[in-house]
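Here is a short briefing on one strand, its partners and a nearby loop residue. Look at the sequence and structure first.

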Amino acid sequence: MEYTLVTGASSGVGRELAISLSKTRNVILNGRNKERLIETQEECENNTIIWNYDLEKIDCLEDEISSLIKEKRIAVSGFVHCAGVFKMVPIRGVNVD
């Protein structure tokens with residue numbers, strides 16, 4: 001089954017986008033606050049999966065998302081990144097660090 005991963009889904013823009021996307025898609029709700037992710041999930045319409053993971057733990061990120069995909073037997077077909085607060089810079093100024 002295909003899902004769209006939404007980071008920052010526990011509040012703000014990420015939460016609103018996750019709720020809106022759930023009208024037409026299955027959604028993976030990502031965030032650090034499990035209780036608020038559950039609140040978001042309650043407002044969603046289609047299938048949702050809560051992935052309570054702190055994206056600052058970059059060293060384990062690949063293993064964690066791979067484990068989730070294998071465990072749930074899903075595919076991620078879309079990605080919306082709304083986690084954190086970023087300084088606005090041109091895309092050429094962004095790097096992995």
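Two strands count as paired if DSSP finds at least two bridges between them. By that rule, strand E2 and strand E3 (residues 48–52) pair: five bridges join them, and they run parallel. The model is predicted.

**Pairing and crossovers**
- In E3, threonine 48 is the bridge partner of valine 27.
- Between E2 and E3 the chain passes through helix H2 (residues 34–43), and this β-α-β crossover is right-handed.
- E2 also pairs with strand E1 (residues 2–6), in the parallel sense, over three bridges.
- Leucine 29 in E2 is the bridge partner of valine 6.
- The chain reaches E2 from E1 by way of helix H1 (residues 12–21), and this β-α-β crossover is right-handed.

**Burial of E2**
- Five of the five residues of E2 (residues 27–31) are buried, so the strand is largely enclosed by the rest of the structure.
- Both faces of E2 are covered.
- Val27, Leu29 and Gly31 are buried on one side.
- Ile28 and Asn30 are buried on the other.

**Serine 10**
- Serine 10 sits in the loop between E1 and H1.
- The relative accessible area of serine 10 is 9%. Buried means under 20%, so serine 10 is buried.
- Leaving aside neighbours within four places in sequence, serine 10 is in contact with Arg15, Asn30, Asn33, Arg36, Leu37 and Thr40.
- One of these contacts, Asn30, is itself a buried residue of E2.

How values were computed. Residues numbered from 1 in each chain as written. Predicted model: local features only at pLDDT ≥ 70, side-chain atom pairs only at ≥ 80, totals over all residues. Heavy atoms only, no water. Buried < 20%, exposed > 50% of the residue type's maximum accessible area, 1.4 Å probe, protein only. Helix = DSSP H or I, 4+ residues; strand = E, 2+ residues; numbered from the N terminus. Right-handed = clockwise from strand over helix to strand, strands pointing away. Contact = heavy atoms within 4.5 Å.
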